[in-house]
Every structure is written in C-alpha cells, then in structure tokens.
Amino acid sequence: MLQNTRWSAVLAVLSLCGLIMYAAAVQSVQASDADGPDRRVRLTFNNRTSQKVLVAISYVGFDTANDRKVGWYAIAPGKSKKIVLPKEIDVTFTLDGTGYYAKSVPGPGQKKLQWTGKFMKLSVGRKRFNCQREETIKDGWTVGFRKIKLKRADEYSGASATINLKE
C-alpha cells in the first residue's frame, strides 16, 4: 500500500511539472507572437547614381481610406533607403498595388533623371506629402508610377522588394 502511495505522489509531481512547463510554453508563444506574424512590406531603394534622388511611393490598403501616397524620401548618391510600411497595412492587398516614382536633384551640368511608369497616374507635389492616393495635391503635377514587384516567402510572411535606381 505504501508503494502505491509513493507512485501516486511521484505521478502527481510529474503531472504538476508538466502543467507548469506547458503554461510557460504557452505564455512564451503568446508574448512573442502577440500581434501575429510580421506581415509588413519592406522596400529598399538603392541609389546607384551620382545625384541625390527623391522617391515617392503609393500603396493599397484595406479600403480606399487606407490607400496612400507618401513622398519624398531623399537618398544620397550611392546610399540606400529602407522603407517599412505601417503594420496596419495588410500585405495581401498591397502585393499588387504598390508603386513608386523617383526623380533626381541634378547638380550643375547634370541631366535630370526620372523613373516613371504606367502602373498608375498620381498627383505629387514639391513639398513632402502623406495623403490618400487619389487626392490631388495643390500646386502638384501628375506622374506615372512604376509597379513594384513584391516577393514573399509564404502566405504568412510579409513582402519585400529591392529597387535599384540607375543612371
């Protein structure tokens, strides 16, 4: 009878240890994955020119109110700029709806460079902007944006692209 009592005590201790380990594991997963997997969009622009370059981006959000255009991101010659879209932007919608327009700021004797496209026509301005994509910017002009081909590892991950701006 004493032997059965010891086994019962041992099993109770092992069960309690297992429960504590399980609770710790669940808490660890919840803490590290509180907001879910990182599904943000990361863009890297590499300025491969001898001029300063200004970049504007546009992306699609969940609805029209979240469709944005943002400019200007300044990139010095030979440097890179990493842009991470807000985490509220769902990568599922952004995959086929992200574009950019870029222009150089030429120095004396340099030719102005532009990177335009036919993906979408949007209004941009001389000063910095962050507004709804379809909004017309006062004293702005319309330019063509190039489509950015975003890549992602799997359906649970974010997406990324590297854009090389060359002369």
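## Arg 42 and the salt bridges

In this predicted model, Arg 42 counts as partly exposed because its relative accessibility is 34%, where buried means under 20% relative accessible area, exposed means over 50% and partly exposed lies in between, as found with a 1.4 Å probe on protein chains only. Its side chain meets that of Asp 38 in a salt bridge with an N to O distance of 2.8 Å; the term stands for a side-chain nitrogen of Lys or Arg within 4 Å of a carboxyl oxygen of Asp or Glu. Asp 38 is partly exposed as well, with a relative accessible area of 38%. By the salt-bridge rule the count comes to five.

The salt bridge between Glu 134 and Arg 133 has its closest N and O atoms 3.4 Å apart. Of these two residues, Glu 134 is exposed, with a relative accessible area of 58%, whereas Arg 133 is buried, with a relative accessible area of 15%. Elsewhere, salt bridges that share partners join Asp 38, Arg 40 and Arg 42 into one network.

Asp 96 forms a salt bridge with Lys 147, and here the closest N and O atoms are 3.8 Å apart. Because Asp 96 lies in the loop between helix H2 (91–94) and strand S5 (99–105), while Lys 147 lies in strand S9 (residues 141–147), the pair ties together parts that are 51 residues apart in sequence. Helices (H or I, at least four residues) and strands (E, at least two) are DSSP runs, numbered from the N terminus. Asp 96 counts as exposed at 59% relative accessibility, and Lys 147 counts as partly exposed at 41%.

## The sheet S4-S1-S10

Three strands form an open sheet with mixed pairing, in the order S4-S1-S10, where two strands pair if DSSP finds at least two bridges between them. Strand S4 (80–84) and strand S10 (159–166) are the edge strands, since each of them pairs on one side only. Neighbouring strands of this sheet are turned by 15° against each other on average, direction ignored; the axes are lines fitted to C-alpha atoms, for helices over the stretch in contact, and angles run from 0 to 180 degrees between N-to-C directions.

Strand S1 (residues 41–48) and S10 run parallel and are joined by eight bridges. In S10, Ala 161 is the bridge partner of Leu 43, and Ile 163 is the bridge partner of Phe 45. In a regular strand the side chains alternate between the two faces of the sheet.

## Strand S5 and its partners

Six of the seven residues of S5 are buried, so this strand is largely enclosed by the rest of the structure. S5 is joined to S2 by seven bridges, and the two strands run antiparallel; in S5, Tyr 100 is the bridge partner of Ile 57. Two bridges join S5 to S9, again antiparallel, with Gly 99 standing opposite Lys 147 in S9. Two bridges also join S5 to strand S6 (residues 114–115), which runs antiparallel to S5, and Lys 103 stands opposite Gln 114 in S6.

## Aromatic rings

The count of aromatic pairs comes to four, where rings of Phe, Tyr and Trp (its six-membered ring) pair if their centres lie within 6.5 Å, and planes under 30 degrees apart count as stacked, over 60 as edge-to-face and the rest as tilted. The rings of Phe 45 and Tyr 100 have their centres 5.5 Å apart and their planes at 70°, so this pair is edge-to-face. Because Phe 45 lies in strand S1 and Tyr 100 in strand S5, the pair ties together parts that are 55 residues apart in sequence. Phe 45 counts as buried at 0% relative accessibility, and Tyr 100 is buried with a relative accessible area of 6%.

Trp 72, Tyr 101, Phe 129 and Phe 145 form one aromatic cluster. Lys 103 lies over the face of Trp 72, at 4.8 Å from the ring centre; a charge sits over a ring if NZ of Lys or CZ of Arg is within 6 Å of the ring centre and within 35 degrees of the ring normal.

## How the model was read

Residues are numbered from 1 along each chain as its sequence is written, and side-chain values use heavy atoms, with hydrogens and water left out. As this is a predicted model, local features need pLDDT of at least 70 and side-chain atom pairs count only at pLDDT 80 or more, while totals for chains, interfaces and linings use all residues.
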